[in-house]
Amino acid sequence: MLELQDAFARKFQYLRLSVTDVCNFKCQYCLPNGYMPDGRQSFITLPEITRLTHAFASMGTTKVRLTGGEPSLRRDFTDIIAAVASTPGIEKVAVTTNGYRMEKHAQAWRDAGLNAINVSVDSLDPRMFHQITGQNRFHEVMAGIDAAFTAGFEQVKVNAVLLRDLNDGDVGRFLHWIKDKPIQMRFIELMQTGEMDSLFDRHHVRGATIKAQLLQEGWQQKIRAYNDGPAEVFWHADFQGEIGLIMPYAKDFCATCNRLRVSSLGKLHLCLFGDYGVELRDLLEDASQIGELQQRLRHALSDKKATHFLHEGHAGMTPHLASIGG
Ligand code: SAM
Ligand code: SF4
C-alpha cells in the first residue's frame with residue numbers, strides 16, 4: 001500500500017475535511033464579523049468527497065473529521081456522513097460543530113454512521129456564551145448535547161477556547177459540570193491567525209497554566225492512541241468526565257502530528273498554519289483518477305515541515321480557522 005508518510009517518518013491516519021466555509025456564528029476569535037460570502041466559491045461536492053475519502057483510505061487513513069465553517073449547515077450533511085462512513089478502511093467518522101443543528105439531527109447523523117461529536121461550548125453562562133459566539137443559542141446547544149446522548153453517543157467532546165477576562169474563570173464550573181457526565185471537556189489554547197487583531201494579546205491564556213492546575217488537583221495524563229487527535233487527555237477517579245488540553249504552543253506539539261487537512265475548496269493543507277494548499281479537485285472528477293491522486297498526495301507530503309511557525313507569530317496563510325477547518 002502507498003502510505004501517507006512524511007520525511008520525518010510521521011504517518012497520517014487522520015483526515016480533517018472541511019465541507020463548507022460558511023458559518024452562522026460570530027465567534028470573537030474566528031469570524032468576529034460573521035461569514036463574508038464570496039459568490040464565486042463552490043464547495044467540495046458529495047461525489048468529490050466520496051472519491052477523496054476513497055483515495056485517503058486506500059493510503060491508510062482510518063479516521064475522518066468533518067468540520068468547517070459550520071458543517072451542519074450543508075443540506076447534504078447526513079449524506080456526507082453516510083458516504084464517508086461507508087468507505088472501506090474508514091473506522092471512525094467524527095464531526096466538529098457549533099451544535100446549533102444537533103438537537104434536530106443527532107439521531108440521523110448517528111444512523112448515518114457518525115461515531116463521534118465535538119461540540120463547541122465556550123461558556124456555561126448563557127450571557128457569556130452569547131458574548132463570545134455572537135449567538136444567543138446556549139440552550140439550543142445544550143439541548144443538542146442531550147440529544148446526542150439520547151441518540152446513543154456514549155461520550156461527547158466539548159470544546160472551549162479559554163479567553164482571559166472572558167471565560168477563563170469558568171474552568172471550575174466546567175469541571176463541576178462533567179463530574180457525573182461522560183463528557184471530555186477540551187480546553188483549547190487560543191491560536192493567533194492572520195486576521196486576528198489585538199485579541200490574541202488581550203485574551204491568550206497559556207495551556208500550560210491549566211495543565212499545572214489539573215496535575216495539582218490530582219488529574220492524571222492518559223497515553224495517546226495512534227489515531228488520536230492533538231489533545232493531551234487527563235482523568236480523575238472522582239470524575240466521570242475527562243479533560244483534554246489542546247496546546248499548539250507546547251514544545252513537541254507537532255512531533256505527534258498525524259493529521260492532514262482538505263479545505264472546502266478541495267485543497268490539501270499539510271498544516272493548519274501552512275502557506276499554501278495543494279489543488280486536488282482536478283483529480284476528483286472521476287474515480288479512475290485515484291492513482292494520480294495518490295501520487296499527488298504522496299509527493300505533497302514530502303514538503304511537510306517539522307513544525308508550524310506560530311512561535312514566531314507566523315500563522316501562514318490561514319486568515320481564521322473557519323477557512324480551512326479548525
Ligand atoms: N463551527 C464548528 C465549531 O465551532 O465547532 C467547527 C469549526 S471551528 C473552526 C473548530 C474549532 O476551532 C472550534 O472548537 C473553535 O472553537 C476552534 N477555533 C476557532 N478559531 C480558533 C482560534 N483562533 N484558536 C483556537 N481555537 C479556535
Ligand atoms: Fe463558526 Fe466555529 Fe468559527 Fe465559531 S469557531 S465562528 S462556530 S466556524
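Ligand 1 has 19 residues around it, and Tyr29, Gly69, Ser120, Asn159 and Met191 come nearest (a residue is near a molecule if one of its heavy atoms lies within 4 Å of it). This is a predicted model, where local features need pLDDT of at least 70 and side-chain atom pairs count only at pLDDT 80 or more, while totals for chains, interfaces and linings use all residues. Residues are numbered from 1 along each chain as its sequence is written, chains are lettered from A and ligands numbered from 1 in the order in which they are written, and side-chain values use heavy atoms, with hydrogens and water left out.

**Ligand 1**
- Ser120 puts a side-chain N or O atom 2.7 Å from an oxygen atom of ligand 1 (polar contacts are pairs of N or O atoms within 3.5 Å; within protein, one must be able to donate a hydrogen and the other to accept it, and residues adjacent in sequence count only if both atoms are side-chain atoms).
- Tyr29 has a side-chain N or O atom 3.1 Å from a ligand 1 oxygen, and for a polar side-chain atom of Asn159 the distance to an oxygen of ligand 1 is 3.1 Å.
- On its own ligand 1 exposes 550 Å², and the protein buries 95% of that (Shrake-Rupley areas with a 1.4 Å probe; for residues, only the protein chains shown count as cover).
- Strands S2 (63-68), S3 (92-97), S5 (156-162) and S6 (183-189) each give the shell at least two residues (strands are DSSP E runs of at least two residues, helices H or I runs of at least four, numbered from the N terminus).
- The shell around ligand 1 splits into 8 nonpolar, 9 polar and 2 charged residues (Ala, Val, Leu, Ile, Met, Phe, Trp, Tyr, Cys and Pro count as nonpolar, Asp, Glu, Lys and Arg as charged, and the others, Gly among them, as polar).

**Ligand 2 and Asn98**
- Around ligand 2 you'll find Cys23, Phe25, Cys27, Tyr29, Cys30, Leu31, Gly69, Asn98 and Ala322, a shell of 7 nonpolar, 2 polar and no charged residues.
- Asn98 sits in the loop between S3 and H3, and it counts as buried because its relative accessible area is 7% (buried is under 20%, exposed over 50%, partly exposed in between, with a 1.4 Å probe and protein chains only).
- The Asn98 side chain reaches the backbone nitrogen of Tyr100 at 3.0 Å.
- Beyond four places in sequence, Asn98 touches Cys23, Asn24, Phe25, Glu70, Val119, Ser120 and Val141 (contact means heavy atoms within 4.5 Å).

**The nonpolar core**
- Tyr29, Leu66, Ile145, Trp177, Phe187, Ile243 and Leu268 touch the most other members of the largest nonpolar core, which has 99 residues (a core is a set of buried Ala, Val, Leu, Ile, Met, Phe, Trp, Tyr and Cys residues joined through side-chain atoms within 4.5 Å).
- Helix H5 (residues 138-151) supplies the largest share of this core, 7 residues.
- Leu268 has contacts that include Phe56, Leu260, Tyr276, Leu297 and Ala300, leaving aside neighbours within four places in sequence.

**Other spots to look at**
- Ala106 lies in helix H3 (residues 102-112) and counts as buried, since its relative accessibility is 1%.
- Asn258, in the loop between S9 (242-246) and S10 (259-262), makes a side-chain polar contact of 3.2 Å with Arg259.
- Most residues other than glycine have a negative phi.
- Asp165 has a positive phi of about 65 degrees although it is not a glycine; this aspartate is in the loop between S5 and helix H6 (171-177) and is exposed at 62% relative accessible area.
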